[in-house]
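Please look at the sequence and the structure shown here, and then read the short report that follows.

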Amino acid sequence: MLIDTVCRLCSSCCPIEAEVENDRLIAAQRKSFLAPEQRLACPKLAAAPEIVYSPERLTTPLIKKTDGSGFRTATWDEALDLVAARFRQHKETSGAESIAWLRGMAADWGAPWDYPNRLMHLFGSPNTIGNGSICFVARDFAHTYTYGSMAFPEAKGARCLIVWGKNDGNTALGAAEGIHWAKAHGAPLIVIDPVQTALARKADIWLQIKPGHDGLLAMAMIHEIIKDNLYDADFVENYTIGFTELKEAAAQYPAEKVAEAIWLTAEQIRQVARLYATTKPAAIIDGNGLDMHREVFDTTRAVAMLRALTGNLDQPGGDVLPQPIPARNIQMKDRLPAGMVPITGDYPLFNTFSDTWGNQVQGCVINAILEGTPYPLKMVVVQSGNPLITMADSTRTRQAFSQLETLVVIDLFLTETAKLADVILPAASCFEKTQLNRSSIRNNPMFLQNAVIPPVGGSWPDWRIVFELGRRLGFEAEFPWQTAEAAIDYQLEPAGVTVAQLRQNGKGLRIEEQRYQKYREQPFKTPSGKVEFFSARLAEAGLPPVPFQRGWREDPISFAEQSSAYPILGISGSRDIRFTNSQFRIIPALLNKSAGPVVDIHPDDAQAQDITEGEYIRIESPKGAIEMIARFSSTVRPGTIRLAWGWGDYQPASNLNTLTEDDRRGPVTGTSTSRSFMCRLRKIQ
Ligand SMILES: Nc1nc2c(c(=O)[nH]1)N[C@H]1C(S)=C(S)[C@@H](COP(=O)(O)OP(=O)(O)OC[C@H]3O[C@@H](n4cnc5c(=O)[nH]c(N)nc54)[C@H](O)[C@@H]3O)O[C@H]1N2
Ligand SMILES: Nc1nc2c(c(=O)[nH]1)N[C@H]1C(S)=C(S)[C@@H](COP(=O)(O)OP(=O)(O)OC[C@H]3O[C@@H](n4cnc5c(=O)[nH]c(N)nc54)[C@H](O)[C@@H]3O)O[C@H]1N2
Ligand code: SF4
Ligand SMILES: [Mo]
């Protein structure tokens, strides 16, 4: 039997068809506009049955033994009663706010993000914390402050494409198919990436930019486009505010002035600016290569402004504003006692830019545990994340989590984080639960993530865990739902859509026709109703109202001031198509075909340090040292290395975040520089 659903093995949320026999997942295929034989294959999806039925799956709740010698199995009743008892106990002794619910990316950001927010608000804690300060939420914030919501590139219809810090061939296959299509139909492809990725090799123009310096490039492009009158004067006049201020700010960054500092030539910058501004429609596909830098907010605001300046915003084949589904906000934030400040209180604009995103600076969890600022945390529930591996500065993160009075982990596998837990609750995989994921409510059409098989072993879907815990904490009336369907139907009531209808429309359900240039009928969702090159909200908060208006602040690369001792620039890159962050190395079918924890070193640097290809070498930063396998590669520039991402759970000695720091965060989004840092190489004796 074939069942329509959505894959959530990574955050791309591809619509898929699952093949199921006798309640068992046999195989699954991605859907796409391409004929089946032309579609890009995803090895993670091909391994879905191995993942789902892995012998390593957690299948029963576990409670840490009192003598500390590992875990004992428990029933769900016992485990949830214990978790509820700890909630009450910490509330009594330290206040409800001493408990945080920390979320990783895997359970998704739609309803599965709303449910713990609802629970925590009702319980009285403002501390449901996501990891969006290093993922795309900081970028969403930048788009939203510029034109009201995040724009979606329509790559397939574009006549010119800029792929900026994104590597869709490994990370988002549906998007990659659109890029290949546009390129095959004649669109020039520009790739901006410090690494020569497979896509960069195919590009018409590849800008090998200095990591973390994209903001300077964007400002230089804005300047060139304005100076040469290549902007869309009609759009700028009618639909934007702050053009004069933007023009003045960008004038600080002429191509000649910034080129050398960002490892490009002035001619390259002018060529790309001209090509992008004069080929219509053009789309910019911005990615996580721009995130995870302290300046992510101003950088991605400047990139967003390029779209508006050139009139490519909300045009077919340009960058289109979404038509979101009018879902009910079920987070019940109004039930939180007045005046409660979350531990992320230093980032008020980021915390409030959207109705549903809430707190996303996960590093604040560590400050609160270790330093008691702004107040101490005693208990953390980690759901669908592996912070010991994925948060910056792993040594400090481990120290913090080891010190907690209570740690609860909800996961499919016994991760490094779970090993520290007092209680582990086994979660069902994405194929075992029906949920309204974020991609389904962000834009038309809607796709349902559908349970295609029952939960494996004694695992439970995340929704059921949260609802049952909510009821145990006394919120029976607020968590009345016994099924995911009932909860989703309630949330979708304003849209007039039910789960049953979504199931009948497995190929996608539109509740609105696709429309472009929507700004002609309705204002942008910004305070002024226009695209804001100048933001009064930021000015009021004492922040630069125009990106980089007050100059380029400081070197965005971690430990830059120690570069004489740490002369090599390390790039956290290469998300392997077989793995998602720290996941899936325990699946032999995926592990055996991968290159392992490799570090790409330019042959010149390897020779200078007498490094042999294939040997394990040490990589050191001021924060710590790790070991990875040397691979010679001219895809990186001499003086830079690219480190394989996500190996720390499989092999703690190869944990990239042992090298990163969270000491200096972005002022607006609290973003740590998990992406690029100075380091040095050593042969292992
Ligand atoms: N240096 C460096 N640091 C980074 C990054 C980087 O590139 N370089 N990437 C950053 C980014 S963009 C992100 S998003 C974060 C990711 O950080 P995390 O979200 O912590 O990453 P994952 O390793 O994907 O952890 C997800 C966990 O959820 C579990 N899981 C999977 N599905 C489910 C489910 O349905 N329910 C539950 N309860 N659990 C589930 C998995 O087994 C896994 O243990 O890392 C960030 N950190
Ligand atoms: N297979 C797989 N798929 C995934 C994931 C995974 O771990 N594995 N993770 C999921 C998650 S959580 C996310 S957020 C997305 C992220 O997916 P993407 O947005 O594609 O991000 P990355 O692949 O991390 O990085 C994209 C590119 O940015 C480049 N880059 C690094 N630093 C810079 C810089 O300073 N400037 C510029 N211009 N480029 C830079 C890198 O070399 C890389 O080629 O992928 C999701 N999909
Ligand atoms: S890219 Fe692969 S793992 Fe990610 S959602 Fe799509 S099919 Fe699933
Ligand atoms: Mo992410």
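C13 lies in the loop between β1 (2-6) and β2 (15-21), where strands (E, at least two residues) and helices (H or I, at least four residues) are DSSP runs numbered from the N terminus. The phi angle of C13 is near 55 degrees, a positive value in a residue other than glycine. This is a predicted model, in which local features need pLDDT of at least 70 and side-chain atom pairs count only at pLDDT 80 or more, while totals for chains, interfaces and linings use all residues. Residues are numbered from 1 along each chain as its sequence is written, chains are lettered from A and ligands numbered from 1 in the order in which they are written, and side-chain values use heavy atoms, with hydrogens and water left out.

C13 also belongs to the surroundings of ligand 3, which include C7, L9, C10, S12, C14, R30, C42, K44 and L45 as well; a residue counts here if one of its heavy atoms lies within 4 Å of the molecule. The shell around ligand 3 consists of seven nonpolar, one polar and two charged residues, with Ala, Val, Leu, Ile, Met, Phe, Trp, Tyr, Cys and Pro taken as nonpolar, Asp, Glu, Lys and Arg as charged, and the others, Gly among them, as polar.

| Peptide bond | Form | Omega |
|---|---|---|
| K280 to P281 | cis | near -5 degrees |
| N444 to P445 | cis | near -10 degrees |

P281 has its place in the loop between α13 (266-278) and β13 (282-286), whereas P445 is found in the loop between α19 (438-442) and α20 (462-472).
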